[in-house]
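This report covers model confidence and backbone geometry. The structure comes first, and the notes follow.

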Amino acid sequence: QVQVPDDMAQPILQMTRNNQPQFREHVPFTLLSCKEKCGELLYEKRQYQAAKWACIKISEGQYEQSICLGFMKLMRYICEQNSLGAYLGMTVPIVTVVRTNELRTGLSLTVTVAYYLPEQFQEQPPEPYDTEIVIEDWPATVAYTRSFSGATDEETIMREINLFTELLDSPELRLNDTYIIAGYTNPAAPSRHNEIWFLYRP
């Protein structure tokens, strides 16, 4: 169980208050194609445009702890701990960049948690007070994405990576060691909507 620091009470309340679907900006993408089987959507191929993201690299003892700590630090930035002193607005998904170990039997302890800057702040992102948070320019990319629900612990992520690898028609994607876990709901929520992204690098 991850403890929420006292100073996060207000940011979490602010997020909850503003986290209705109509208040959340989605990371824009263009749907390139879908793969279905017997009416079930297996995965999508999407084009994401170049954009600025607020990123923090975290390395805790457990993967879940790293995600939650990174999320909480980004929430402080979103909820007024920035050079504007303003609530920036929630965007979804919050993404976590993960890497597998050399044997591909588990995940590296170091992860990067990232928040897409809302469209109005893409040109001039507010500076974070937390020096561990860095504004990065992410290039345009093609991602193969697959939805899953529930927890995002290491066991679940490795299972989803292996399952997605079996479903993919593109052999070159199976050689990746870097993946993105996209979360559309609060990581503390009991029922979560998640995606796993395989990045295509030609």
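Where in the protein is confidence lowest, and where is it highest?

## Confidence

The model is predicted. Confidence is lowest in helix H1 (residues 9–17), where the mean is 52. Strand E8 (residues 133–138) is where confidence is highest, at 97. Across the protein the average pLDDT is 85, and 84% of the residues score at least 70.

## Cis peptide bond

Val 92 and Pro 93 are joined by a cis peptide bond, with omega about 0°. Pro 93 lies in the loop between strand E5 (91–92) and strand E6 (94–99).

## Positive phi: Cys 38

Cys 38 is not a glycine, yet its phi is positive, about 55°. The residue sits in the loop between strand E2 (29–37) and strand E3 (40–48).

## Positive phi: Glu 80

Glu 80, also a residue other than glycine, has a positive phi near 85°. Glu 80 belongs to the loop between helix H2 (63–78) and E5. Is this residue exposed, partly exposed or buried? With a relative accessibility of 43%, Glu 80 counts as partly exposed, because that value falls between the 20% and 50% limits.

Conventions
Residues are numbered from 1 along each chain as its sequence is written. This is a predicted model: local features need pLDDT of at least 70, side-chain atom pairs count only at pLDDT 80 or more; totals for chains, interfaces and linings use all residues. Side-chain values use heavy atoms; hydrogens and water are left out. Helices (H or I, at least four residues) and strands (E, at least two) are DSSP runs, numbered from the N terminus. Buried means under 20% relative accessible area, exposed over 50%, partly exposed in between (1.4 Å probe, protein chains only). pLDDT is the predictor's confidence in each residue, from 0 to 100.
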